[in-house]
Amino acid sequence: MLSGYKFKKVRRRVSKRSTQVFFDFTDAEVAKFIILSQLIDKTKKLDDSIKKVWGDSKAQSERDIKKEVEMLSDDFYKFLFKAEDSIFQLKKSNQSLQKQVNDLTERLDTLENEKDSGILNKFKRGF
């Protein structure tokens with residue numbers, strides 16, 4: 001398949017008991033067939049004429065692949081940006097939580113030291 005172009009097919013009844021599949025060409029497709037015929041007569045190159053009139057499926061496939069790669073690349077960079085932003089936010093939250101844990105640890109140490117130095121504790125140790 002040189003061009004990758006698909007023609008519409010229709011099933012029609014040809015007798016009481018059988019049907020047959022026919023191509024149902026549009027006016028534009030018929031016009032392209034006329035151009036194709038004239039081009040083949042002029043150049044004597046069937047493949048090149050078909051590609052020129054109906055398009056080149058290989059070239060189209062390559063364009064489609066390039067387009068898909070570009071879309072995937074854009075999606076990847078968007079995802080990468082979001083991931084880097086999330087990592088930054090997580091690091092920021094982690095630093096904040098570490099500061100809070102350090103503050104709480106210091107407060108706990110202070111409270112334990114005050115508890116040990118209280119007057120009642122001195123009496124309890126003495127008895």
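Mentor: Helices (H or I, at least four residues) and strands (E, at least two) are DSSP runs, numbered from the N terminus. This is a predicted model, where local features need pLDDT of at least 70, side-chain atom pairs count only at pLDDT 80 or more, and totals for chains, interfaces and linings use all residues. Residues are numbered from 1 along each chain as its sequence is written, and side-chain values use heavy atoms, with hydrogens and water left out.

Trainee: How many helices and strands does the protein chain have?

Mentor: The protein chain has 4 helices and 2 strands. Their order from the N terminus is β-β-α-α-α-α.

Trainee: What span should helix α1 have?

Mentor: The expected span is 1.5 Å times one less than the number of residues. Helix α1 (residues 27-43) has 17 residues, so it should span 24 Å; its end C-alpha atoms are 24 Å apart, which agrees. Just after α1, K44 has a positive phi of about 65°.

Trainee: Which residues of α1 are buried?

Mentor: Buried means under 20% relative accessible area, exposed over 50%, partly exposed in between (1.4 Å probe, protein chains only). In α1, E29, L36 and L39 are buried. Down the axis of α1, they fall within an arc of 75° (taken from the directions from the helix axis to the C-beta atoms), so they line one face. The face turned away carries exposed D27, D41 and K42.

Trainee: Which residues form the largest nonpolar core?

Mentor: A nonpolar core is a set of buried Ala, Val, Leu, Ile, Met, Phe, Trp, Tyr and Cys residues joined through side-chain atoms within 4.5 Å. The largest has 5 residues: L36, L39, I50, V53 and W54. α2 gives the most, with 3 residues.
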